[in-house]
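Have a look at the sequence and the model first, and then we'll go through the details.

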Amino acid sequence: MGPPGAEEEALRSPVVQDVLSRDPARVVGAAWTVLGTRDPAVLTPVLTALPAIESATAGLRLGGAPAPDAGHLASALERARTLGRGECLCTCYPGDSCYEPEPEREQARGHVRVEGTATDERQRVDDGVCVCTACGRGYQVEHGGGHHPGWRWTPLG
Ligand SMILES: [Zn+2]
């Protein structure tokens, strides 16, 4: 539990207001905002407001294809919980079928450094190693292709 007033303050966060709006477009937009940031100013209010968020979004139909947007919301809330556990947010990369970000985009955000990339015949980055800029963990990152158009992040070592 945070200090008194922390929840009231969290409820004033624009991202939290979007998640609580029950407007699917706003909820999904907020989920993507959470998934794209490591900023505690964005994530901490989401963590604080989790009980309110869980009840406001229960049973909410979000749609989404081919990946259901409910999965993106679940991934976004798990990201806030990860911060709450004191774990590095890079631990959200592996095994999350709804959020497997493109390595170069994560690098542009300053979250990882892309090292040792390999390119396929179309010169697109296909395989590489990313190092988390916060904790130094390394990840093997592979482009799925075919039925799995996302990226697979596998911890090294
Ligand atoms: Zn990390």
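Predicted model: local features only at pLDDT ≥ 70, side-chain atom pairs only at ≥ 80, totals over all residues.

## The zinc site

Cys-88 has a relative accessible area of 18%, so it counts as buried (buried means under 20% relative accessible area, exposed over 50%, partly exposed in between, using a 1.4 Å probe and protein chains only). Cys-132 is buried too, at 2% relative accessibility. Both belong to the set of protein donors of the zinc ion, which is Cys-88 (SG), Cys-90 (SG), Cys-132 (SG) and Cys-135 (SG), at 2.2 to 2.3 Å from the zinc. Donors here are N, O and S atoms within 2.8 Å of the metal (3.2 Å for Na, K and Ca), and since water is not among the atoms, sites may look incomplete.

Why is the arrangement called tetrahedral? Because the four donor atoms subtend angles of 102 to 114° around the zinc ion, and four donors count as tetrahedral if all angles lie between 85 and 135 degrees. Along the sequence, the donor residues follow the spacing C-x1-C-x41-C-x2-C.

Residues are numbered from 1 along each chain as its sequence is written, and side-chain values use heavy atoms, with hydrogens and water left out.

## The overall layout

The protein has seven helices and four strands; these are DSSP runs numbered from the N terminus (helices are H or I with at least four residues, strands E with at least two). Starting at the N terminus, the order is α-α-α-α-α-α-α-β-β-β-β. Of the 157 residues, 40% count as buried.

## Two helix pairs

Helix H4 (residues 40-48) and helix H5 (residues 50-57) have axes that come within 5 Å and cross at roughly 70° (axes are lines fitted to C-alpha atoms, for helices over the stretch in contact, and angles run from 0 to 180 degrees between N-to-C directions). That makes H4 roughly perpendicular to H5 (under 35 degrees is roughly parallel, over 145 roughly antiparallel, 65 to 115 roughly perpendicular, the rest oblique).

H5 and H6 pack at about 170°, with axes 12 Å apart, so they are roughly antiparallel.

Definitions and conventions. Tetrahedral: all angles 85-135°; square planar, octahedral: opposite > 155°, others 65-115°.
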